[in-house]
Amino acid sequence: MKKILVTGGTGFLGSYILQALIQRGYMVRALCRSTERPRWIDPAILEKVEWVQGDILDIISLEEAMEGIDQVIHAAAMVSFNPADKKTLYQINVEGTANVVNACLEKKISRFLYVSSVAALGRKEGGGKVDETSKWEENSLQTHYARSKYKAEIHAWRGYSEGLDTVIVNPSTILGFGDWTKSSCAIFKQLYDGFPWYTSGLNGFVDVKDVANACVRLLEHPVSGERFVVNGDTWYFQQLQETMADDFGKKRPHRKATPLLLGLAWRLEKIRSLVTGKKPLLTKESARVAVSKTVFDNQKLLNLLPDFHYTHLATTIQEACKKYSAQ
């Protein structure tokens, strides 16, 4: 039986990857920085995980965590559009990934799966379709998060060129039940709290359990040196927000946030953040993403795994809203 190390196991996606691996009978080790465990995962599942203290920025602890490991899923990452997090963002996502790749090569890991993001494929000015063949274009829509994931992928490809059996997944915005004060889960709390604004953007979304399942299936598949977009549905933000509001039994957002209003809002948030010391709820980068229109093509993964099916986004939202309401 293969033994698999997962980085970022206490995070939103990482925790569901642990669950998927345990349910498929794997021996699993998780690298974690704290003793906190994901509250949204069944404790009986988490008890079967071997937890080890460490950090992807600490090379010694990383190599120790890989002792006796056959395969690695690197899911640890930072997601932020706050300018104040820029340095840490690049440290964790780029330097951290380089460390993981180097440790895998040193420990002769047999297979490496890197959880990247569709952000690493880049957004096109004026919108359009993005797939695995898309080339990075430097433009005003690229966030520092996107740049960090793009640069991190370069290290993953370097590992592949040096003999590390590698596959990369590029999920779109991941939704589901988790900690709704963090990451993309915070969208649910916004709507639960009666957020009144909607935006005109178009984006890809995917169920967290589908991404976890795709990671495990690709880890088991012999495909190598390839990357795969993992995207369930493409919805307008307005449709997404209205569906969440309806499932929570809350009032739908009824004020359109135009580019002009968003421009004013992120500037006011910047001032508020400087005065209060609290993180801004909206930044220049997140405002631009909110009005961009991008379609992510998911056909490559479906062609490789014909029996793989995505959960409809309406079902994902309904199930998550029910759990958030009951917590």
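I began with helix H8, residues 237-248, which in this predicted model lies across E8, E10 and E12 and runs at about 90° to E12.

I then looked up the strands themselves and found that three of them form an open sheet in the order E8-E10-E12, with mixed pairing. Strand E8 (173-175) and strand E12 (233-236) stand at the edges, and each has a single partner strand, so one side of each is left without a neighbour in the sheet. From one strand to the next, I noted a twist that averages 45°.

For the pairing of E8 with strand E10, residues 202-207, I noted the parallel sense and three bridges.

Next I turned to helix H7, residues 208-220, which lies across E8 and E10 and runs at about 70° to E10.

I also checked how H7 meets helix H1, residues 12-23: their axes come within 8 Å and cross at roughly 55°. The crossing in which H1 passes H7 is right-handed.

Which residues make this contact? From H1 I listed Phe12, Leu13, Tyr16, Ile17, Ala20 and Leu21, and from H7 Val208, Lys209, Val211, Ala212, Cys215 and Val216. Sorted by class, the contact of H1 with H7 has 11 nonpolar residues, no polar ones and one charged residue.

Key:
Residues numbered from 1 in each chain as written. Predicted model: local features only at pLDDT ≥ 70, side-chain atom pairs only at ≥ 80, totals over all residues. Heavy atoms only, no water. Pairing = 2+ DSSP bridges. Helix = DSSP H or I, 4+ residues; strand = E, 2+ residues; numbered from the N terminus. Axes fitted to C-alpha atoms, helices over the stretch in contact; angles between N-to-C directions. Contact = heavy atoms within 4.5 Å. Left-handed = near helix turned anticlockwise from the far one by under 90°. Nonpolar A, V, L, I, M, F, W, Y, C, P; charged D, E, K, R; others polar.
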